[in-house]
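Here is a short report on ring pairs and ligand surroundings. Keep the sequence and the 3D view open while reading.

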Amino acid sequence: MNLTVAITGASGMVFGREMLRALEADERVSRVHFVASENSLRVMAEELGVSGRNDLLEKLLGAAPVKTVQHTNADIGAAIASGSYPLNGMIVLPCSMGTLAAIANGLANSLITRAADVTLKERRPLILCVRETPFNRIHLRNMTLAAEAGAVIFPCIPSFYNRPIDSTEMARQFVCRVLAHIGLPQPGAYVWGRD
Ligand SMILES: Cc1cc2nc3c(=O)[nH]c(=O)nc-3n(C[C@H](O)[C@H](O)[C@H](O)COP(=O)(O)O)c2cc1C
């Protein structure tokens, strides 16, 4: 699989980090295109203690990336900005209300929002892991708009029935759910009712 992962400035950076780690480790994935919004960097510094743009992927993965490549959000000429480039889907994790609004309303004015726009027009899977609480009516409307255009609204709501021992485990299991949804079931995923 050839996937795009975008991290935007909502709370929940641990989810994005675990997603990148899972995809790097997954042999079925050949390439991951990674884009971090400008504002996500601020939240990453708050939540993960990761600061600065230099070696961002290495800091998030804990090792040099093998298959993940980073693009700047201003680079609207990157391959993932074109529908002619073969991709299997895009995951925005976490997805801020600002990015949700831009995607839902077709504002393809950054690489993240353009790549999402392209994913929708090419009828490829677009997973928006939205995060905010509580939601106002604008958020709710934008989620409906995006869902009507073909996106899957996959809110950052972890499960508790698997009794996660910490936030990393909670995030890992959430990532397993997202990846199972796009056809990449993960080893170590908790599955309710499995013997
Ligand atoms: C620590 C921190 C936490 C935030 N959490 C959220 C959040 O959970 N959801 C959200 O929509 N915005 C959140 N924001 C606000 C967004 O970062 C802000 O709206 C930003 O403009 C989003 O830009 P982007 O979508 O381009 O990343 C947070 C900001 C900070 C500094």
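This predicted model contains 4 aromatic pairs. One of them joins Phe15 and Phe174. Their ring centres lie 5.0 Å apart and their planes meet at 75°, so the pair is edge-to-face; the angle cut-off for that class is over 60 degrees. The pair bridges distant parts of the chain. Phe15 belongs to helix H1 (residues 13–25), Phe174 to helix H7 (residues 167–181), and 159 residues separate them.

The cut-off for buried is under 20%. Phe15 and Phe174 also belong to one aromatic cluster together with Phe154.

Another edge-to-face pair is Tyr161 with Trp192. Here the ring centres are 5.7 Å apart and the planes stand at 70°. This pair, too, links distant parts of the chain. Tyr161 sits in the loop between strand E6 (152–153) and H7. Trp192 lies in the segment after H7, 31 residues away from Tyr161. Tyr161 is partly exposed, with a relative accessible area of 45%. Trp192 is exposed, at 65%; the cut-off for exposed is over 50%.

Now the ligand. Which residues surround it? The shell consists of Thr8, Gly9, Ala10, Ser11, Ser37, Asn39, Val43, Ser96, Met97, Thr99, Arg131 and Glu132. By class, these shell residues divide into 3 nonpolar, 7 polar and 2 charged.

| Residue | Protein atom | Distance to a ligand oxygen atom |
|---|---|---|
| Gly9 | polar backbone atom | 2.5 Å |
| Ser11 | backbone N or O atom | 3.0 Å |
| Ser96 | side-chain N or O atom | 2.5 Å |

How much of the ligand does the protein cover? On its own, the ligand has 640 Å² of accessible area, and the protein covers 66% of that. Two elements give two or more residues to the shell: helix H2 (38–48) and helix H4 (97–104).

To recap, Phe15 and Phe174 form an edge-to-face pair between helices H1 and H7. The Tyr161 and Trp192 pair is edge-to-face too, with Tyr161 partly exposed and Trp192 exposed. Around the ligand, the shell includes Gly9, Ser11 and Ser96.

Key:
Residues are numbered from 1 along each chain as its sequence is written. This is a predicted model: local features need pLDDT of at least 70, side-chain atom pairs count only at pLDDT 80 or more; totals for chains, interfaces and linings use all residues. Side-chain values use heavy atoms; hydrogens and water are left out. Rings of Phe, Tyr and Trp (its six-membered ring) pair if their centres lie within 6.5 Å; planes under 30 degrees apart count as stacked, over 60 as edge-to-face and the rest as tilted. Helices (H or I, at least four residues) and strands (E, at least two) are DSSP runs, numbered from the N terminus. Buried means under 20% relative accessible area, exposed over 50%, partly exposed in between (1.4 Å probe, protein chains only). A residue is near a molecule or strand if one of its heavy atoms lies within 4 Å of it. A polar contact is a pair of N or O atoms within 3.5 Å; within protein, one must be able to donate a hydrogen and the other to accept it, and residues adjacent in sequence count only if both atoms are side-chain atoms. Accessible areas come from the Shrake-Rupley method with a 1.4 Å probe; for residues, only the protein chains shown count as cover. Ala, Val, Leu, Ile, Met, Phe, Trp, Tyr, Cys and Pro count as nonpolar, Asp, Glu, Lys and Arg as charged, and the others, Gly among them, as polar.
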